[in-house]
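Dear colleague,

Please find the structure below, handed over for your review. My notes on what was found in it follow.

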Amino acid sequence: RSDVLVLVLLFARVRDAAAHGHLTWPPSSRHGGNIHHGADCGAGQCYWFSNNVEVDSQTLPNSHRTMEPELEGGADVWRKSPWRSPGAAPVYGSGCGVAGGHPTEVYANGGTPPAGVAIGVDGKELPKAKLGPAKWTVGGVAEVAWAMAANHAGGYAYRLCRADGEVNEECFRAGHLEFAGNDSSVLYPNGTRVSIPRAVVATGTTPAGSQWA
(Lines give C-alpha, C1' and ligand atoms only; values in the text may rest on other atoms or scores of the structure.)
Protein backbone atom coordinates (compact mmCIF):
# COMPACT_ATOMS: atom_id res chain seq x y z
CA ARG A 1 0.00 0.00 0.00
CA SER A 2 1.35 3.43 -0.92
CA ASP A 3 1.77 6.37 1.40
CA VAL A 4 -0.07 9.53 0.38
CA LEU A 5 1.38 12.99 0.76
CA VAL A 6 0.20 16.54 1.08
CA LEU A 7 2.69 18.74 -0.76
CA VAL A 8 3.76 22.25 0.17
CA LEU A 9 5.71 24.11 -2.51
CA LEU A 10 8.22 26.64 -1.23
CA PHE A 11 9.36 29.58 -3.34
CA ALA A 12 11.89 32.04 -2.01
CA ARG A 13 14.53 34.48 -3.19
CA VAL A 14 17.36 32.65 -4.94
CA ARG A 15 20.98 33.41 -4.16
CA ASP A 16 23.70 32.04 -6.50
CA ALA A 17 21.33 29.26 -7.50
CA ALA A 18 21.47 27.05 -10.53
CA ALA A 19 20.14 23.63 -11.58
CA HIS A 20 16.51 23.03 -10.64
CA GLY A 21 15.50 22.50 -7.03
CA HIS A 22 15.83 20.45 -3.89
CA LEU A 23 14.01 19.06 -0.88
CA THR A 24 13.49 21.40 2.05
CA TRP A 25 11.07 19.47 4.30
CA PRO A 26 11.86 17.01 5.55
CA PRO A 27 15.49 17.85 4.78
CA SER A 28 17.34 15.42 2.56
CA SER A 29 19.27 12.75 4.44
CA ARG A 30 22.33 13.54 2.30
CA HIS A 31 22.09 16.79 0.33
CA GLY A 32 21.04 19.27 2.98
CA GLY A 33 18.28 21.75 2.24
CA ASN A 34 16.30 23.71 4.79
CA ILE A 35 12.78 25.09 4.68
CA HIS A 36 14.01 28.33 6.28
CA HIS A 37 16.57 28.88 3.50
CA GLY A 38 14.13 28.09 0.70
CA ALA A 39 15.71 27.97 -2.75
CA ASP A 40 19.10 29.21 -1.55
CA CYS A 41 21.62 26.80 -3.08
CA GLY A 42 24.69 28.31 -1.44
CA ALA A 43 25.67 24.93 0.05
CA GLY A 44 25.20 23.08 -3.24
CA GLN A 45 21.88 21.42 -2.37
CA CYS A 46 20.51 21.79 -5.90
CA TYR A 47 23.52 20.41 -7.80
CA TRP A 48 22.48 16.74 -7.50
CA PHE A 49 20.49 15.52 -10.49
CA SER A 50 20.67 13.87 -13.95
CA ASN A 51 21.50 16.40 -16.67
CA ASN A 52 21.05 16.28 -20.47
CA VAL A 53 18.98 13.09 -20.50
CA GLU A 54 16.19 12.41 -23.00
CA VAL A 55 13.15 10.19 -23.51
CA ASP A 56 12.43 8.25 -26.68
CA SER A 57 9.02 9.73 -27.35
CA GLN A 58 6.18 11.67 -25.77
CA THR A 59 3.67 9.71 -23.69
CA LEU A 60 2.40 12.71 -21.69
CA PRO A 61 -1.04 14.05 -22.69
CA ASN A 62 -0.65 17.40 -24.47
CA SER A 63 -2.86 19.04 -21.86
CA HIS A 64 -0.11 18.50 -19.27
CA ARG A 65 2.73 19.95 -21.29
CA THR A 66 4.51 22.82 -19.56
CA MET A 67 6.37 24.00 -22.70
CA GLU A 68 4.81 24.43 -26.16
CA PRO A 69 1.46 22.83 -25.20
CA GLU A 70 -0.11 23.42 -28.62
CA LEU A 71 2.86 22.72 -30.88
CA GLU A 72 2.91 19.58 -33.04
CA GLY A 73 5.55 18.10 -35.31
CA GLY A 74 9.33 18.24 -35.70
CA ALA A 75 9.67 21.91 -34.74
CA ASP A 76 8.97 20.97 -31.13
CA VAL A 77 12.43 21.26 -29.55
CA TRP A 78 11.12 19.88 -26.24
CA ARG A 79 9.82 16.62 -27.67
CA LYS A 80 12.53 14.50 -25.98
CA SER A 81 12.68 16.41 -22.70
CA PRO A 82 12.11 14.20 -19.63
CA TRP A 83 8.72 15.75 -18.81
CA ARG A 84 7.31 14.53 -22.12
CA SER A 85 7.37 11.02 -20.62
CA PRO A 86 7.44 11.43 -16.83
CA GLY A 87 9.63 8.85 -15.10
CA ALA A 88 11.02 7.31 -18.31
CA ALA A 89 14.24 9.31 -18.66
CA PRO A 90 17.50 7.56 -17.72
CA VAL A 91 18.89 8.37 -14.28
CA TYR A 92 22.57 8.59 -13.43
CA GLY A 93 23.77 6.83 -10.30
CA SER A 94 21.53 5.31 -7.66
CA GLY A 95 18.56 7.64 -8.04
CA CYS A 96 19.92 10.04 -5.40
CA GLY A 97 21.38 12.38 -8.02
CA VAL A 98 25.00 12.79 -9.09
CA ALA A 99 27.16 15.85 -8.44
CA GLY A 100 26.84 18.26 -11.35
CA GLY A 101 24.26 16.10 -13.11
CA HIS A 102 26.62 13.91 -15.14
CA PRO A 103 29.17 11.14 -14.43
CA THR A 104 32.04 12.85 -16.29
CA GLU A 105 30.99 16.02 -18.14
CA VAL A 106 30.65 19.57 -16.80
CA TYR A 107 27.94 21.65 -18.48
CA ALA A 108 27.17 25.36 -18.33
CA ASN A 109 24.18 26.84 -16.48
CA GLY A 110 24.21 24.67 -13.38
CA GLY A 111 25.91 21.52 -14.63
CA THR A 112 28.76 21.81 -12.16
CA PRO A 113 29.30 19.91 -8.89
CA PRO A 114 29.09 21.57 -5.47
CA ALA A 115 32.29 23.12 -4.15
CA GLY A 116 34.74 20.48 -2.99
CA VAL A 117 32.90 17.57 -4.66
CA ALA A 118 34.10 15.76 -7.79
CA ILE A 119 31.87 15.62 -10.85
CA GLY A 120 29.69 12.51 -10.94
CA VAL A 121 29.82 11.55 -7.27
CA ASP A 122 26.66 9.58 -6.38
CA GLY A 123 24.50 11.38 -3.82
CA LYS A 124 24.05 8.23 -1.75
CA GLU A 125 27.79 8.29 -0.97
CA LEU A 126 27.48 11.52 0.99
CA PRO A 127 27.57 11.27 4.78
CA LYS A 128 24.21 11.10 6.50
CA ALA A 129 22.81 14.30 7.91
CA LYS A 130 22.92 14.77 11.66
CA LEU A 131 19.16 15.19 11.81
CA GLY A 132 17.26 11.98 12.41
CA PRO A 133 15.11 10.59 9.60
CA ALA A 134 11.50 11.70 9.21
CA LYS A 135 8.98 9.20 10.58
CA TRP A 136 5.87 8.59 8.50
CA THR A 137 2.95 6.21 9.00
CA VAL A 138 2.26 3.77 6.16
CA GLY A 139 -0.98 4.86 4.46
CA GLY A 140 -0.93 8.18 6.27
CA VAL A 141 -0.59 11.78 5.08
CA ALA A 142 2.67 13.70 5.44
CA GLU A 143 3.47 17.33 4.67
CA VAL A 144 6.55 17.85 2.50
CA ALA A 145 8.22 20.77 0.73
CA TRP A 146 10.68 21.48 -2.04
CA ALA A 147 12.25 24.67 -3.35
CA MET A 148 12.68 25.76 -6.96
CA ALA A 149 16.10 27.15 -7.80
CA ALA A 150 15.54 27.58 -11.56
CA ASN A 151 12.23 27.20 -13.36
CA HIS A 152 12.71 25.15 -16.54
CA ALA A 153 9.14 23.82 -16.42
CA GLY A 154 8.45 20.09 -16.13
CA GLY A 155 7.11 18.26 -13.10
CA TYR A 156 7.96 16.18 -10.07
CA ALA A 157 7.05 13.15 -7.99
CA TYR A 158 7.90 11.82 -4.54
CA ARG A 159 9.48 8.40 -4.12
CA LEU A 160 10.98 6.38 -1.27
CA CYS A 161 13.60 3.64 -1.16
CA ARG A 162 14.48 1.67 1.96
CA ALA A 163 17.94 2.60 3.25
CA ASP A 164 18.56 -0.89 4.66
CA GLY A 165 18.60 -2.53 1.20
CA GLU A 166 20.05 -1.81 -2.22
CA VAL A 167 19.42 1.81 -3.14
CA ASN A 168 18.87 2.14 -6.89
CA GLU A 169 16.42 3.48 -9.46
CA GLU A 170 14.39 0.27 -9.44
CA CYS A 171 13.91 0.61 -5.68
CA PHE A 172 12.75 4.21 -6.01
CA ARG A 173 10.30 3.30 -8.77
CA ALA A 174 8.82 0.64 -6.52
CA GLY A 175 8.33 3.26 -3.79
CA HIS A 176 6.43 5.83 -5.83
CA LEU A 177 4.04 7.82 -3.61
CA GLU A 178 0.58 9.25 -4.24
CA PHE A 179 -0.59 12.80 -3.65
CA ALA A 180 -3.30 13.72 -1.14
CA GLY A 181 -5.93 16.37 -1.77
CA ASN A 182 -6.14 18.70 -4.73
CA ASP A 183 -4.01 21.66 -3.66
CA SER A 184 -0.47 22.61 -2.78
CA SER A 185 0.72 25.78 -1.07
CA VAL A 186 3.32 28.41 -1.83
CA LEU A 187 5.16 29.27 1.38
CA TYR A 188 6.67 32.76 1.45
CA PRO A 189 9.64 33.83 3.62
CA ASN A 190 7.32 35.72 5.99
CA GLY A 191 5.37 32.53 6.70
CA THR A 192 2.39 33.35 4.49
CA ARG A 193 0.86 30.37 2.67
CA VAL A 194 -1.13 30.68 -0.54
CA SER A 195 -3.05 27.65 -1.75
CA ILE A 196 -2.81 26.78 -5.46
CA PRO A 197 -4.49 23.97 -7.45
CA ARG A 198 -2.25 20.97 -8.09
CA ALA A 199 -2.31 19.51 -11.61
CA VAL A 200 -1.63 15.77 -11.35
CA VAL A 201 -1.14 13.36 -14.25
CA ALA A 202 -1.11 9.54 -14.08
CA THR A 203 -1.48 8.82 -17.81
CA GLY A 204 1.64 8.07 -19.85
CA THR A 205 3.82 7.95 -16.75
CA THR A 206 6.49 5.51 -15.58
CA PRO A 207 5.81 3.33 -13.64
CA ALA A 208 2.44 2.95 -15.33
CA GLY A 209 -0.23 4.83 -13.41
CA SER A 210 2.24 6.66 -11.15
CA GLN A 211 1.27 10.20 -10.15
CA TRP A 212 3.31 13.23 -11.18
CA ALA A 213 2.54 16.94 -10.65
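**Backbone and core findings**

P207 lies in the segment after strand β8 (193–197), strands being DSSP runs of E of at least two residues and helices runs of H or I of at least four, numbered from the N terminus. The model is predicted, with local features needing pLDDT of at least 70, side-chain atom pairs counting only at pLDDT 80 or more, and totals for chains, interfaces and linings using all residues. Residues are numbered from 1 along each chain as its sequence is written, and side-chain values use heavy atoms, leaving out hydrogens and water.

The bond between T206 and P207 is a cis peptide bond, with omega about -5°. Another cis peptide bond runs from W25 to P26, with omega near -10°; P26 is in the loop between β2 (21–25) and β3 (48–49).

The whole structure holds three aromatic pairs (Phe, Tyr or Trp rings, Trp by its six-membered ring, with centres within 6.5 Å; planes under 30 degrees apart are stacked, over 60 edge-to-face, the rest tilted). The W146 and Y156 rings are tilted, because their centres are 5.0 Å apart and their planes at 55°. The rings of Y156 and F179 lie 6.0 Å apart between centres with planes at 85°, so this pair is edge-to-face. F179 is buried (under 20% relative accessible area; exposed is over 50%, partly exposed in between; 1.4 Å probe, protein chains only), at 10%.

Yours sincerely
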